[in-house]
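Hi everyone, thanks for making time.

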Amino acid sequence: MVHQAKHDCPFQKEVNEMSPKFGLQEFNPNALPPPVDKCDVLIPAGLTEYRKKRKEWLGWYEYQEDELNNIEGQIIRMISRDIGYRVLIKPRGDTPRDVNIAARNGLLGSSLDAGYAATQVLAIRRLLEGRSDVVSLQRLLNDIKRNRNLITRETYVVWDGKPYDPNGWQSLPPSPEIQIWGIAAPGLVNFQMSKIRHELFDKLSGVSEKRRSRADLIRVAIFDKLKGCLRSVEAEKLVLLSHKFYAHAADSNSLGRLAEAGVLLSDIEKAQKAIVRVERAITDDILFIGVGRDVVPLKPLGLLRPLEDRKSVV
């Protein structure tokens, strides 16, 4: 049996406006958040400032066709080019050595390899650039850490109108659905989301459920760990490579040091994985955008269509 709390549920009006069938409550994840004064927040000014900053952060991140410098677009292009390169060089390893194929032509092979290395190294370098006048993953991470005081547990949970108390549903009028499923009952999605956000923020803040406070903050160690992931040994090699070979002229001494550094194509793959992991940690965990998506939004179909037409081969 569900016990009713004595206090009134702050979302009672919303519940009263549900469909009579209860399970048909409309939920629109793309709806604009309610005004701050309609949110379950004790510090309205803090939520206002957080919303403003969150909009700026997502403006740097989210893909826009008319803006090439957004972070998501940079990652999509980096991985898409990687996929294209791997498709083109696959015949090198799959075809028997005694069979002559165009993919093993020295000029073609070196051009493909050099183009791949250049585009990937520069893409990685751009995403790891920390200057304040560029749009990069490193800058996004740095700015969120600098303004971590805005991401309190309160703003994290209620910024878009979700209730702060995930157990507020217990004060609702009893119904068969609630008595059977509890918080998992149809129509209680806002309370479910509140519960999920609290549990995730417990991990980010290092605070247990019993010691929760609206003023809890994300631990500095979380940001330091993400930065360490980005600035790995492999990533630093590639940044050095970009400076010496692609961005600036390298002298004989610097060329020798690069050779000794042992930069490998496997370094590119490790740096890519680190970038995607940090990107998802920021957007899915810290900013909680709540959008399921692939790294490359569309399957790269039809890449070889002209090459598959034997009549087009000269």
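So, buried residues make up 39% of the 314 residues in this protein. Keep in mind that we're looking at a predicted model. What is the chain built from? In terms of secondary structure, there are 13 helices and 0 strands. If you read along the sequence, you get α-α-α-α-α-α-α-α-α-α-α-α-α. And of the contacts between residues at least 6 apart in sequence, 69% join residues at least 24 apart.

Let's go inside. In soluble globular proteins, nonpolar side chains tend to be buried together. Here, the largest nonpolar core has 54 residues, and the ones with the most contacts inside it are Leu137, Ile144, Ile151, Ile275, Ile282 and Leu287. Which helix gives the largest share of this core? That's helix 12, residues 265-286, with 8 residues. There's also a second, separate core of 7 residues, and Trp169, Ile178, Ala185 and Phe191 are among them.

Take Ile151 from that list. Setting aside neighbours within four places in sequence, Ile151 is in contact with a whole set of residues, including Tyr50, Trp57, Phe201, Leu217 and Ile286. Asp216 is one of its contacts too.

Back to helix 12, and how it sits against helix 4, which covers residues 106-128. The two pack at an angle of about 35°, and their axes are 11 Å apart. Is the crossing left-handed or right-handed? For helix 4 and helix 12, it's left-handed. On the helix 4 side, the contact uses Tyr116, Ala117, Gln120, Val121, Ile124, Leu127 and Leu128. Helix 12 brings Leu265, Ile268, Ala271, Gln272 and Ile275. Sort the residues of this contact by type and you get 10 nonpolar, 2 polar and no charged.

Now a few single residues I'd like you to find. Tyr61 is in helix 2, residues 44-61. Tyr61 counts as buried because its relative accessibility is 1%, and the cut-off for buried is under 20%. Not counting residues up to four places away in sequence, Tyr61 touches Asn70, Ile71, Glu72, Glu279, Thr283 and Arg293. Also, Tyr61 and Val135 are 74 residues apart in sequence, and 8.3 Å apart in space, going C-alpha to C-alpha.

Next up is Gln138, in helix 5, residues 137-146. Buried or exposed? Gln138 is buried, at 4% relative accessible area. If you leave out residues up to four places away in sequence, Gln138 touches Leu127, Leu128, Glu129, Gly130, Lys227, Leu230 and Arg231.

Then there's Phe288, in the loop between helix 12 and helix 13, with helix 13 at 305-308. Most residues other than glycine have a negative phi. Phe288 has a phi near 45°, which is a positive value in a residue other than glycine. This phenylalanine is buried, too, with a relative accessible area of 13%.

Last topic, cysteines. A disulfide is a covalent bond between the sulfur atoms of two cysteines. How many disulfides does the structure hold? The count is 0. As for individual cysteines, Cys39 counts as buried, at 9% relative accessibility, whereas Cys229 is partly exposed, with a relative accessible area of 28%.

That's my tour, and I'm happy to go back to any part of it.

Key
Residues are numbered from 1 along each chain as its sequence is written. This is a predicted model: local features need pLDDT of at least 70, side-chain atom pairs count only at pLDDT 80 or more; totals for chains, interfaces and linings use all residues. Side-chain values use heavy atoms; hydrogens and water are left out. A disulfide is a pair of cysteine sulfur atoms within 2.5 Å. Buried means under 20% relative accessible area, exposed over 50%, partly exposed in between (1.4 Å probe, protein chains only). A nonpolar core is a set of buried Ala, Val, Leu, Ile, Met, Phe, Trp, Tyr and Cys residues joined through side-chain atoms within 4.5 Å. Helices (H or I, at least four residues) and strands (E, at least two) are DSSP runs, numbered from the N terminus. Contact means heavy atoms within 4.5 Å. Axes are lines fitted to C-alpha atoms, for helices over the stretch in contact, and angles run from 0 to 180 degrees between N-to-C directions. A crossing is left-handed if the near helix is turned anticlockwise from the far one by less than a right angle, and right-handed if clockwise. Ala, Val, Leu, Ile, Met, Phe, Trp, Tyr, Cys and Pro count as nonpolar, Asp, Glu, Lys and Arg as charged, and the others, Gly among them, as polar.
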